[in-house]
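Please look over the sequence and the structure shown here before reading on. The paragraphs below then go through them step by step.

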Amino acid sequence: MTPFQLRAELPGHEEDVRCVAWSPLGILTGSRDKTVRIWKENDSYQFSCESVLVGHTGYVTALVYVAPGASRWYPEGAVISGSRDTFLIAWSLSTFSPLHHLKGHKYQISSVVLLSDGQVASASLDSTIRIWQGEQNVRTLEGHEGAVLCLAALPGDGARLLSGSGDKTIRIWAEGRCAGVFTGHTDTVRGLAVVSDLGVISASHDQTLRLWSFAGETLAELVGHTALVYSAAAHAPTGLIASASEDNTARLWRGDGSCLQSLPHPRCVWDTDFLPNGDLITACADHFVRIWTPAPEMAAAADVIEAYNASMAAEASAGAGGQADGGGQSAYGGMMEDAEVLVRPGTKDGQTKIIKEHGTAVAYTWDQGRGEWEKIGEVMGSAGASGGGDTMAVGNRLHAGQQWDFVFDVDIDPNQPPLKLACNRGDNPYDVADRFMEQENLPITYRQQIVDFVLANTAGALAMPAPASMNVDPFTGAAAYQPSATHGHRAPAASDGPNVDPFTGSTAMARGQARQLRHCPQRNYLIMDSLPKADALANKVRQFNELVKQGTDIQSLVLSEEELPTSGALDGLIARSAQSAAAGASTSGRLPAGASLSQQDLALLARLLRWPAPQLFPALDIARLAILEEQAAAALASTAGPLLLSPQGDIGAALATAFGDPPVPANLKVGLQLACNTFRHAPLRAWVASNQPALLDAFAPACTSPLKPVRLALATFLLNLSNLLYSSRPKATEAGVKAQALSALSELLSSCTTDDAEALFRVLVAAGTLVMEDQEAKSIAKQLSILDDASKHALGGRGREALADLQVLLK
């Protein structure tokens, strides 16, 4: 085979190019910038952008061209694009305006193909395949146990279809039924392409491609990529197969499994396709589309090659952290080995290897007990270490594979060696204590002692959390009531139960893994317990009571003259709700005997929770405080129903009203705070568990809220939910909740700004917790590009640490 070389670079997209497809119109590309572009070839073998199709509200993930006459539902042809926004758009070939939107999928579209009978098939992270006739969804194919990530239309009659999934299988469908299952891949099946009359090629997160017969027999395994393989394409005239991978290469193969050539790219290669003449198209995360050709006369001009080489050099330098020299060598002077050696077990406990990673020397040690190589840390400039030896030179204060400002020896047990306690300047001492107790499996009773120890030994270098301050209503004056601030939150005590205690129980992580991860998994439920000004809250309820009296026919909702006076029933409810919040912040989580909310209090609260949406948020705030006390939580859980509008006055109905259309901003904030506090006690946690999909659906509009407090409250709810899911180890049938939660986290991540440091931290910890020990969730997180979105934020402190955790978990 004549080697391929760069033919052209197509600049224009503003973000990653996620999908490419050839068509007679030209090259079709879809991007994270939410556009579809059409590139036309000119007489000099180059391409220029002819059209930009704008209409999606999420990034474009899938494309297919429908030729005129190929489908009776599109007699004049169409371009069909799928997106993260959950719908497809069919675009006119004459005007490039939308013909119609295809709506029905719950989550991101992952693939779209044209079937042999002219119908269109689409796949989604919602684990379904939908068949469309025009804009009509005529059939939904179900059977995969994970997200469906790729499709391939089979030739011939019967509109047969192949699908690949996060459940590691490929399914063949005929007449709407599953006609067979192909098994062999050990991880997510991400890409599919038909290879002439031979069979089908699949790309997988297990870093391989497989060539299958149409009967499901493995004909060849294509091995060579060193990271996830995202896409595959085939060219019938030449018999070539192409693949796109996270290892920053596209590769060309023969069907017998031999790799003919690797085409390096500056960043991840998302997709690939062939031109009719056999040239290759690649879609890259550096925002470029590239064309590669074996024809010397079509090779790129010198300035294009120079620009490509400069991009490669820049990315290589960035990947090495500025430590690589011109030859790609680390500042470390010893011999380094390739990462492949870590596939083989070590020969003894503590054996060390120095591995080359992106031009940097990284030390790994063999943990005999766990049977795996543990990453220790980056090796600093030294010529004394060797690739197979047991010595290394690392920076000062290295512990558990990281550099720290402080590392202390702590004697917990005089009969055991001292434990290592590590922290950095600016750390919250309570976070330090929590992390240390989790690492060493210590009881929570040590917490305050550890906090006192680190404060005494770091000379003021750690940051004590600032006390919560009272809100000031910007519309009604200083200290007037408004829905409470989102910064008033805390982690409950260990008495909350086994799902909350981060230091005991069967869900504790192995010590080796805990040393690698600083914040994941999340083991505490965070609550919103800041107290509003009682008299301002009562006055707001009285003000709204007049509006309710004028605007409703249900007079039982209106508070009576006997309930409104100072020290009356309303003030009593608010006072006892505040006492409930205080009890929720205590170790026991219980009020003194006789101080719980009475039946009369709960009945009054139920009436307030039935108020119309514009006047609802004070009632939500009272409920938010009340449920922090155990008995009140149990009482409200006993009446809580689904998130449906109803006259019952329960939490479910109130949240349904709060998140109705049009939304009231104050309702969004306080409603989410209320939802966060439902995790405090077991009865309402059970209610959350039974209503997870409905809650996520209801809260979806908050993902793109322009209000910072709403974003933080939603991030906190999703963090609590991730803890619940991790602790309960959901069955495969509940895996869709994780996909839904990850999708919400991805949307929220895109909406956050540089001012959202705490929300960003919680989003990343939630994502890390959701993907732990769950390959399908990892696959979905990668498909959603959560790491890429997070990397665009200027993260500091704990945010950087949470991002590092997520990077480890998504390897």
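What follows moves from the whole chain to its sheets, and then to single residues.

This is a predicted model. The chain has 811 residues, of which 56% count as buried. Its secondary structure comes to 19 helices and 37 strands. Among contacts between residues at least 6 apart in sequence, 55% join residues that are at least 24 apart.

The mean pLDDT of the chain is 79, with 78% of the residues at 70 or more. Over residues 319–335 the pLDDT is below 50, and beyond near neighbours in sequence this stretch has 39 contacts in the model. Another such stretch is residues 379–396, where pLDDT stays under 50 and the model has 50 contacts beyond four places in sequence. Where pLDDT is low, the predicted coordinates should not be read in detail.

Residues 102–133 are 0% helix and 53% strand, and the C-alpha atoms at the ends of the span lie 10 Å apart. Residues 182–213 are 0% helix and 59% strand, again with end C-alpha atoms 10 Å apart.

Strand β10 covers residues 109–114, and five of its six residues are buried. Its antiparallel pairing with strand β11, residues 120–124, runs over five bridges. Within this pairing, Ile 109 stands opposite Ser 124 of β11. The two strands β10 and β11 form a hairpin with five residues between them, and Gly 118 in the turn has a positive phi of about 95°.

Ala 123 is found in strand β11. Is Ala 123 buried or exposed? Its relative accessibility is 0%, so Ala 123 counts as buried. Leaving aside neighbours within four places in sequence, Ala 123 is in contact with a set of residues that includes Ile 109, Ser 110 and Ser 111. Val 148 and Leu 151 are also among the contacts of Ala 123.

Strand β14 pairs with β15 (residues 161–165) in the antiparallel sense over five bridges. Here Cys 150 stands opposite Gly 164 in β15. On to the next pair: β15 is joined by four bridges to strand β16, residues 170–174, and the two run antiparallel. In this pair Ser 163 faces its opposite residue, Arg 171 in β16. Strands of a sheet pair through backbone hydrogen bonds, either parallel or antiparallel.

Another open sheet of four strands has the order β18-β19-β20-β21, also with antiparallel pairing. Its edge strands are β18 (189–195) and β21 (218–223), each pairing on one side only. The twist from one strand to the next averages 20°. Strand β20, residues 208–212, pairs with β21 in the antiparallel sense over five bridges. Leu 209 stands opposite Leu 222 in β21.

The last part concerns a helix and a loop. Helix α19, residues 798–809, has twelve residues and reaches 16 Å from its first C-alpha to its last, close to the 16 Å expected at 1.5 Å a residue. Which residues of α19 are buried? They are Gly 799, Glu 801, Ala 802, Leu 803, Asp 805, Leu 806 and Leu 809.

Arg 518 lies in the loop between α4 (511–516) and β37 (527–528). The C-alpha atoms of Arg 518 and Ala 802 are separated by 7.3 Å, while the two residues are 284 apart along the chain. Arg 518 has a relative accessibility of 8%, so this residue counts as buried.

Terms used:
Residues are numbered from 1 along each chain as its sequence is written. This is a predicted model: local features need pLDDT of at least 70, side-chain atom pairs count only at pLDDT 80 or more; totals for chains, interfaces and linings use all residues. Side-chain values use heavy atoms; hydrogens and water are left out. Two strands pair if DSSP finds at least two bridges between them. The expected span of a helix is 1.5 Å times one less than its number of residues. Buried means under 20% relative accessible area, exposed over 50%, partly exposed in between (1.4 Å probe, protein chains only). Axes are lines fitted to C-alpha atoms, for helices over the stretch in contact, and angles run from 0 to 180 degrees between N-to-C directions. pLDDT is the predictor's confidence in each residue, from 0 to 100. Contact means heavy atoms within 4.5 Å.
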